Amino acid sequence: MTKAEFTGPNRLFQRLDGDGDGQLILKDAAKKLKEMRARVGEMPRQGFGGAANRTQLEAARPRVPGVRPERRSQVRPDHENVRYGEHERHVFDIFQAETEDEKPAPCMIWIHGGGFRRGDKSEGSLFARFLTKNGIHFVALNYRLSHHAIAPACFHDCARALQFIRRNAEKWNIDKSRIAVGGGSAGAGLAQWLAFSPDRADPAAKDPVMRESTQISALVLFNAQTTYDFRWIKEHIPGEAWRGEGLQELFGYTIESVDEIGVERYQLIEECSPMHHFSRDAPPMLFFYRRSKDPKIAEQNAMDGIHHPIFGLELKKLADELGLECDLFTVENEKDLAFYNRRWDYAIKFLRKNLQME
């Protein structure tokens, strides 16, 4: 479950989301909530006004070992709500890198998740500091959701944002030749679509933004789907993930009427599915999944299914066949979970290498 899909208070989500990745595993969140309630029951009922008791209250709050405070901090962008199109959702925030000189620095674009139905760029403020303190500009963008316009609108929005950033790179001291893209869940799918699709640059376009390239240097992906074709999902992912309402709304069909889907609709679904475009031109990829690769996990609920590592593992098979760089990590035990909680440390090393910073 993403922050956008959570219906409770924001503060509760942050406490349940111990590793600060903007995603909740329902089973883990339920366990943590039970522990939190038990701790509250053990707290003193009187005298919370004093400093000593406030310290005791702080100590009672559940914490995840190994997660540093900075992972939970949100920072303000240097440039907020920069407009790249006409729709109200056509905006992004820029967090400027900390650099020792005035040379253009590489950039990472973050695309938020939320099942194409929810979410916004504020999610990126949780991760911005990891990038900017390592000399990488960070951009978090919004795009039209499925109730604004069905596919391919959100895909084209992200391409437009990337081209707009390149067109104005000098203004923000961005090295347009070194741009990575990342995202979680739906955002990860949009990032892959950008990376795997043919370059959308049109040298003859009247709009100078459309003349810019959509090629990128690296991908960082959390809990990613690699296709949105419900037929593929039904064949490869156990459980009911293929029935997802988010997919139905994204492409404008219903499960009850799948037998009536026409050729054009299937072509649209394929066009918007990253794996459909995968080739040896794909950039280096880094996948993180906060789930086990055990197929049975996908049967627990549709949310576990639509974020299952099988998506990434199937793409990695293709990458390995082509000799492409593709690292993929899952959580199988406590050691893996500790690594996942430190994933940005590894992601920064990956980015520094593939953005030619070393």
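Why does Tyr-340 count as buried? I looked up its relative accessibility, and at 2% Tyr-340 counts as buried (under 20% relative accessible area; exposed is over 50%, partly exposed in between; 1.4 Å probe, protein chains only).

Notes on the source. I worked on a predicted model, where local features need pLDDT of at least 70, side-chain atom pairs count only at pLDDT 80 or more, and totals for chains, interfaces and linings use all residues. Residues are numbered from 1 along each chain as its sequence is written, and side-chain values use heavy atoms, with hydrogens and water left out.

Aromatic pairs. I searched the whole structure and found 29 aromatic pairs (rings of Phe, Tyr and Trp, the last by its six-membered ring, with centres within 6.5 Å; planes under 30 degrees apart are stacked, over 60 edge-to-face, the rest tilted). I looked at Phe-116 and Tyr-228: the ring centres are 5.2 Å apart and the planes at 80°, so this pair is edge-to-face. Both Phe-116 and Tyr-228 are buried. I then took Phe-288 and Tyr-340, with centres 6.5 Å apart and planes at 80°, so that pair is edge-to-face. Phe-288 lies in strand S7 (residues 285-288) and Tyr-340 in helix H12 (residues 334-341), 52 residues apart (helices are DSSP runs of H or I, at least four residues, and strands of E, at least two, numbered from the N terminus). At 0% relative accessibility, Phe-288 counts as buried. One aromatic cluster includes Phe-288, Tyr-340 and Phe-222.

Charge over ring. I found Arg-343 over the face of Phe-222, 5.4 Å from the ring centre (CZ of Arg or NZ of Lys within 6 Å of the centre and within 35 degrees of the ring normal).
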